[in-house]
Structures are given as structure tokens and as C-alpha cells.
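Hi there,

Here is the structure I promised to pass on. Have a look at it first, and then read my notes below.

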Amino acid sequence: MSPSANRYVAFLRALNVGGHTVEMARLKQLFEQLKLGGVETFIASGNVIFDAPRAAGSAAAALEKKIAAHLEKALGYAVATFLRSPAELAAVLAHGAFPKPRAGSTIHIGFLGAPATAAAKRQVLALASAIDDFHLDGRQLYWRCAGRFSDSVVSGPKLEKALGQPTTIRKITTVERLVKKYA
């Protein structure tokens, strides 16, 4: 990474699910068309690592919108885009949303464009059950699912409705691997 650049991880929603298949080589090209450097993809679920000029670094929200607009134009459908720096991802992991371990559970992290409102937090927390626990912190949603994910009655669309905004969800193991490789 150049000292005049900021590194980001882009988490893309609606990529390689629901019939929207994009080859990783094509996704890399789309990011390079925006003059972003050091572009790499990470597993085929819509994770792109790249460097952006520092001037753009102070405007991560504007860069998210620029990437989302470019992807929508190129692919023909909306692709919500959520940027985090490697340092932000390390902080996400260090947050400790669920201090008490729960055997057999998995943790997922939802990336949001903006912090949830108080009303949205109440709606998400109301979805908690014997299977599902939720925690919100800043622009992240932490979801602990006991047992199999398929046993949960909560889904991405249900969470988005409660949040009042788009989100994209990744297993914590994906975030751990990204932090290990890029932070």
C-alpha cells in the first residue's frame, strides 16, 4: 500500500446470491475502473480489498456511494456497499458483543451504512429468541445464532426491515480472516 493511500475492505450486498453472479475477475476490473489500487477479492461473497487515494479517505461515505453507483450501472442492479478500514475491522472483532460464550453458536456481523436509530435498535432487539441474540454498536450489528442458522426465524430481509436500512452479513470467521490478512 502506498503511503498516499488508505486501504479499505468493501462488503457488497446482493453479490453471488439470488441469481446475481459476478466472477471475481470481473469484480476486480470494476473496482480498477474507478482508479482504485491494489484491488483484491476475498472469497466469492462480495468482499473487495483496495487502496484509495488519501484525498478520498476523508470521504469514505462518498466513496461507498461512488462504488455502489458504478456497480449498479455495470451490473444492472443495486449493490449496497459498506466500507471499513482494516483498523475498523480489528475494532469490530475486539468489541466483545457477547461476553458469555454459548456452545454451538455462530456469530455473524452485519455491516450498516449508518448507526441504527434508537427505534431501530428496539426493533432489532425485539427479534431476540432462544436461538437468536443481537447487539448493535455503531455501524455494526452482531447476531449470535445458537444451533443451525436454518433454525432461526430471522433473515436478512427481516433485519433490514427492523433496521430501516440495508445491511450485509458475514460470518465472524470471514471477518477474522480479513483482519489476519490485512490488519
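Before the first number, a quick word on surfaces: accessible areas come from the Shrake-Rupley method with a 1.4 Å probe. Worked out that way, the accessible surface of the protein is about 9200 Å², and carbon and sulfur atoms own 57% of it. Keep in mind that this is a predicted model.

**The overall picture**

The protein has 7 helices and 8 strands. Its radius of gyration is 16 Å, close to the 16 Å that the globule rule gives for 183 residues, so the protein is as compact as a globular protein of that length. If you follow the C-alpha trace along its principal axes, you get spans of about 45 × 35 × 30 Å. Of the 183 residues, 43% count as buried. Now take the contacts with a separation of 6 or more: 70% of them are between residues 24 or more positions apart.

**The sheet**

Strands of a sheet pair through backbone hydrogen bonds, and they can do so parallel or antiparallel. Here you'll find an open sheet of 4 strands in the order S2-S3-S1-S4, with antiparallel pairing. Strand S2 (37-41) and strand S4 (81-84) are the edge strands, so to speak: each pairs on one side only. From one strand to the next, the twist averages 25°.

Zoom in on S2 and S3 and you'll see that 3 bridges join them.

**The aromatic rings**

How many aromatic pairs does a search of the whole structure find? There are 4. In one of them, phenylalanine 31 and phenylalanine 50 sit 5.5 Å apart, centre to centre, with 50° between the planes, which makes the pair tilted. This pair links distant parts of the chain: phenylalanine 31 is in helix H1 (residues 24-32) and phenylalanine 50 is in strand S3 (residues 47-53), 19 residues apart. Phenylalanine 31 has a relative accessible area of 0%, so it is buried, and phenylalanine 50 is also buried at 0%. Ring pairs link Tyr8, Phe31 and Phe50 into a cluster.

Phenylalanine 134 and tryptophan 143 form another pair, with ring centres 5.6 Å apart and planes at 35°, so this pair is tilted. Both of these residues are buried.

Cheers!

Conventions:
Residues are numbered from 1 along each chain as its sequence is written. This is a predicted model: local features need pLDDT of at least 70, side-chain atom pairs count only at pLDDT 80 or more; totals for chains, interfaces and linings use all residues. Side-chain values use heavy atoms; hydrogens and water are left out. Rings of Phe, Tyr and Trp (its six-membered ring) pair if their centres lie within 6.5 Å; planes under 30 degrees apart count as stacked, over 60 as edge-to-face and the rest as tilted. Helices (H or I, at least four residues) and strands (E, at least two) are DSSP runs, numbered from the N terminus. Buried means under 20% relative accessible area, exposed over 50%, partly exposed in between (1.4 Å probe, protein chains only). Two strands pair if DSSP finds at least two bridges between them. Axes are lines fitted to C-alpha atoms, for helices over the stretch in contact, and angles run from 0 to 180 degrees between N-to-C directions. The radius of gyration is taken over C-alpha atoms; the globule rule is 2.2 Å times the number of residues to the power 0.38. Contact means heavy atoms within 4.5 Å.
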